[in-house]
Amino acid sequence: MRKVLAFGLWLMAFGFWQSCSRQEPTPEELAGKAAKEYYDHLLAGDYEAFLQGKADSDSLPSGYRQELLHAYEQFMQEQEKSHGGIVGVDLTNARNDSLQQVMQAFLLLTFKDSVKEEIVIPMVLRDGQWKMR
């Protein structure tokens, strides 16, 4: 009987530990992850998906939308000429900027020529999704 009670208490403690260890991601983590995903789309040449990551992109006039898509393509071509292209994007940090009312996602761009550059992406919450401002 004593062993059964001890085993039951152990199971309860283990279950409690399991429930405590599963924490929801923070808003900073979610915003940072979204920023990285959008930049992964840019690297893959999926400019439309990158543009969808911008806040209010669904209300852009079609002419301006096409200009932005072309500008993204030109940007990637310029990076290819300058550095051999961007080969990786890593999230280094994300934090809340309460003065500007945005999350700041810090991304580290790694170029083919081994240059690294950290950029800051302001992120805003729109309709339950983190979008680039």
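Which residues do ring pairs link into a cluster?

1. The cluster consists of Tyr39, Phe50 and Tyr72, linked by ring pairs. The model is a predicted one. Its aromatic pairs number two.

2. In one of the pairs, the ring centres of Tyr39 and Phe50 are 5.1 Å apart and the planes stand at 85°; over 60 degrees counts as edge-to-face, so this pair is edge-to-face. Tyr39 belongs to helix α2 (residues 27-43) and Phe50 to helix α3 (residues 47-52), so the pair ties together parts eleven residues apart in sequence. Both Tyr39 and Phe50 are buried.

3. Phe50 also pairs with Tyr72: the ring centres are 4.8 Å apart with planes at 90°, so this pair is edge-to-face too. Since Tyr72 lies in helix α4 (residues 62-83) and Phe50 in helix α3, the pair ties together parts that are 22 residues apart in sequence. Relative accessible area is 5% for Phe50, which is buried. Tyr72, at 11% relative accessibility, also counts as buried.

4. The largest nonpolar core holds 25 residues, and Tyr39, Tyr72, Ile121 and Met123 have the most contacts inside it. Two or more residues each come from α2, α3, α4, β1 (86-97), β2 (102-111), β3 (116-126) and β4 (129-132). Helix α2 gives the largest share, six residues. As a general point, nonpolar side chains in soluble globular proteins tend to be buried together.

5. What is Ile121 in contact with, leaving aside its neighbours within four places in sequence? The residues are Ala35, Tyr39, Met103, Gln104, Ala105, Leu107 and Met132.

Terms used:
Residues numbered from 1 in each chain as written. Predicted model: local features only at pLDDT ≥ 70, side-chain atom pairs only at ≥ 80, totals over all residues. Heavy atoms only, no water. Phe/Tyr/Trp six-rings, centres within 6.5 Å; stacked < 30°, edge-to-face > 60°. Helix = DSSP H or I, 4+ residues; strand = E, 2+ residues; numbered from the N terminus. Buried < 20%, exposed > 50% of the residue type's maximum accessible area, 1.4 Å probe, protein only. Core = buried A, V, L, I, M, F, W, Y, C linked by side-chain atoms within 4.5 Å. Contact = heavy atoms within 4.5 Å.
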